[in-house]
Amino acid sequence: MRLFIQPVRLLLCVPGVVLALAALSGAVAAPDLVVIVSARSTAPALRADQVAAIFLGQSAQLPDGALVTPIDQPVGTMTRDEFYERVASKSPALLKAYWSKLLFTGRGQPPREVGGNAAVRKMVADTPGYIGYIDRSALDASVRPILVLH
Amino acid sequence: MLSLRALPSLLPRRFTPGGILATVLVASVAAPATALAADDAASSIFKFSGFGTLGVVHADTDTADFTSSVLKASGAGATRRWSMDVDTRLGAQLDVAIAPQWSAVLQVVSEQGYNNSYRPDVEWANVKYQVTPDVSVRVGRVALPVFMAAEHRKVGYVYSMVRQPNEVAGGVPITSSDGIDLSWRWHTGALNHTTRLQYGRTNLSLDDQTRVRANGIVAVSHSIDVGAFSARASAIGADVTVNLAEPLFGALKQFGPAGVALADQYSVDHKRISLIALGMEYDPGDWFVTVEGGRQRSQSLLGTNIGLALSAGYRWRTFTPYIGYSDVRAQASTQSRGLPVAGLPPPLAYGAGLLNAGLNQLLMTLPEQSTVRLGTRWDFHENMAFKLQVDSVTPHRGSRGTLINTQPDFAFGKSILVTSMTLDFVF
């Protein structure tokens with residue numbers, strides 16, 4: 001019995017190992033992200049620190065003075081965690097601490113969250129005053145990238 | 001340092017857990033209300049959130065209490081070796097989006113207070129009008145920027161250490177202002193500036209007998225954020241009255257001009273108190289360093305002192321080990337010669353001697369202290385952090401430092417080892 005079960009267990013482990021390796025390689029080469037505005041928007045290209053200021057509630061305007069509203073991806077998604085790591089060097093816990101500081105001192109609320117690349121893209125495409133971020137693979141002609149995050 | 005506990009035996013000490021209960025009740029009533037509203041547009045009108053800390057602290061002394069604020073009744077040490085009263089608190093907040101430019105916030109916090117109850121206090125209660133995306137006006141109760149982390153000092157989840165060091169501005173008894181607050185955000189190049197002006201007053205009841213009143217509170221602060229660097233400078237002035245040790249000052253005045261002069265010098269009766277603070281932080285994500293200094297001035301028992309605090313930490317996975325140092329130096333003597341006793345008839349000399357002893361007992365509350373700390377934060381779960389910290393607290397030069405409830409056998413100048421564990425959460 002014992003001899004029989006062991007190989008089965010080993011076999012069962014294989015997909016797990018493959019998945020783990022895939023996840024690991026995914027973490028090493030995470031997909032590019034793009035910060036987007038509507039194709040109809042005239043917003044100029046932005047630097048990472050300017051995008052961070054908008055998503056961290058420190059600035060409500062683009063460099064040309066136009067008002068801008070950030071649209072976030074949901075808490076716990078890889079796209080969101082990668083975005084904040086790259087533009088602001090903030091882990092999910094640091095970001096939560098940051099927003100807790102603003103919330104409990106009455107200075108601001110985190111951006112509105114919309115679920116998934118397609119939903120963010122549609123909302124940003126429909127409203128020229130919005131700014132969002134999605135995986136580069138989800139890019140289409142309805143939106144215009146103003147910053148690429150490798 | 002406010003010497004509120006100068007005559008501890010006169011003050012009642014009662015424990016009333018009803019405060020925590022009341023906060024939980026408010027939370028449980030408000031939560032279903034927002035849940036019900038979640039189905040329609042009202043969900044974006046009301047937003048309920050909260051924070052809290054469950055903490056336990058040990059101090060290796062039985063001659064004084066270590067605690068987190070001058071507005072506390074007791075702590076770890078003399079009262080009990082292990083205390084949950086130092087850091088434990090619960091806060092609940094309701095945000096109301098009234099109209100596109102109008103919003104309101106109400107925040108209630110329950111923690112051990114000066115009267116030893118957990119009665120919830122209103123920490124924030126104001127209505128905000130967003131004039132432009134960068135200019136806002138708030139009317140109501142707004143916290144004062146007495147040091148860099150002053151406004152969020154009660155939300156342990158926000159920072160790395162167990163608590164904010166009470167060496168910088170720890171003796172200022174006013175933490176908020178009821179009035180008007182103007183905030184203006186502006187930009188120069190990559191620098192994000194925020195300038196704030198506050199004007200107001202406060203009237204705080206500490207217990208049945210003790211009251212802190214401050215009029216003409218004026219606060220100006222300016223902060224700069226650029227990438228990982230942030231800095232803030234602030235200045236505050238207020239006319240403060242604390243009905244503290246009034247029998248002592250009344251008795252001193254019976255001893256002629258010398259007694260009147262002493263009472264005028266030390267009583268907290270319409271005394272102007274001023275405070276300036278400068279703090280800087282650099283936090284690129286993997287590590288952080290903070291430095292802060294403050295100077296408090298007043299011609300009273302609240303004293304004149306200079307405080308300094310430094311901290312640095314490193315983030316490794318979910319752990320943030322850190323070190324810190326803080327120090328406060330009194331700029332006035334912690335002793336007074338008091339009334340001249342020589343030449344007085346024996347009964348009067350005896351009375352004057354008692355008053356001099358009482359006065360010096362008050363003056364030893366002017367803080368002279370340094371603290372070295374070591375600890376780690378562990379973000380073990382979403383929205384939760386566990387912290388473990390060890391502080392070595394050393395009061396200097398005949399001062400009790402920021403310790404309270406000192407016993408007759410309190411040993412001046414001896415270091416006290418304080419061990420703290422906290423669980424911070426937000427919801």
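How many residues does the contact take from chain A, and how many from chain B? Here are some notes that start from that question; please keep in mind that this is a predicted model.

1. **The contact between the chains.** The contact takes 19 residues from chain A and 26 residues from chain B. On the side of chain A that touches chain B, helix 2 (48–55) and helix 4 (92–103) of chain A each supply at least two residues. Helix 4 of chain A gives the largest share of that side, seven residues. Sorted by class, the side of chain A that touches chain B has eight nonpolar, seven polar and four charged residues.

2. **The sheet of chain A.** Five strands of chain A form an open sheet with mixed pairing, and their order is 3-2-4-1-5. Strand 3 and strand 5 (143–149) of chain A are the edge strands, each pairing on one side only. Strand 1 (residues 33–38) and strand 4 (residues 130–135) of chain A pair in the antiparallel sense, over five bridges.

3. **A:V114.** You will find A:V114 in the loop between strand 3 (112–113) and helix 5 (117–126) of chain A. Leaving aside neighbours within four places in sequence, A:V114 is in contact with A:I71, A:A119, A:V120 and A:M123.

4. **Two residues with positive phi.** A:S89 is not a glycine, yet its phi is positive, near 50°. A:S89 sits in the loop between helix 3 (78–88) and helix 4 of chain A, and it is partly exposed, with 16 other C-beta atoms within 10 Å. In chain B, phi of B:A245 is near 50°, again a positive value in a residue other than glycine. B:A245 belongs to the loop between strand 12 (229–242) and helix 2 (246–253) of chain B. Is B:A245 buried or exposed? B:A245 counts as buried, since it has 23 C-beta neighbours inside 10 Å.

5. **Chain B as a whole.** Chain B has four helices and 19 strands. Of its 427 residues, 46% are buried. Among contacts in chain B with a separation of 6 or more, 63% join residues 24 or more positions apart.

6. **A helix pair in chain B.** The axes of helix 2 and helix 3 (residues 256–266) of chain B come within 7 Å and cross at roughly 150°, which makes these two helices of chain B roughly antiparallel. From helix 2 of chain B, B:F249, B:L252 and B:K253 meet B:G259, B:V260, B:L262 and B:A263 in helix 3 of chain B. By class, this contact has five nonpolar, one polar and one charged residues.

How values were computed
Residues are numbered from 1 along each chain as its sequence is written. Chains are lettered from A and ligands numbered from 1 in the order in which they are written. This is a predicted model: local features need pLDDT of at least 70, side-chain atom pairs count only at pLDDT 80 or more; totals for chains, interfaces and linings use all residues. Two residues are in contact if their C-beta atoms, placed from the backbone, lie within 7 Å. Ala, Val, Leu, Ile, Met, Phe, Trp, Tyr, Cys and Pro count as nonpolar, Asp, Glu, Lys and Arg as charged, and the others, Gly among them, as polar. A residue is buried if 20 or more other C-beta atoms lie within 10 Å of its own, exposed if 12 or fewer, and partly exposed in between; C-beta atoms are placed from the backbone. Two strands pair if DSSP finds at least two bridges between them. Axes are lines fitted to C-alpha atoms, for helices over the stretch in contact, and angles run from 0 to 180 degrees between N-to-C directions. Angles under 35 degrees count as roughly parallel, over 145 as roughly antiparallel, 65 to 115 as roughly perpendicular and the rest as oblique.
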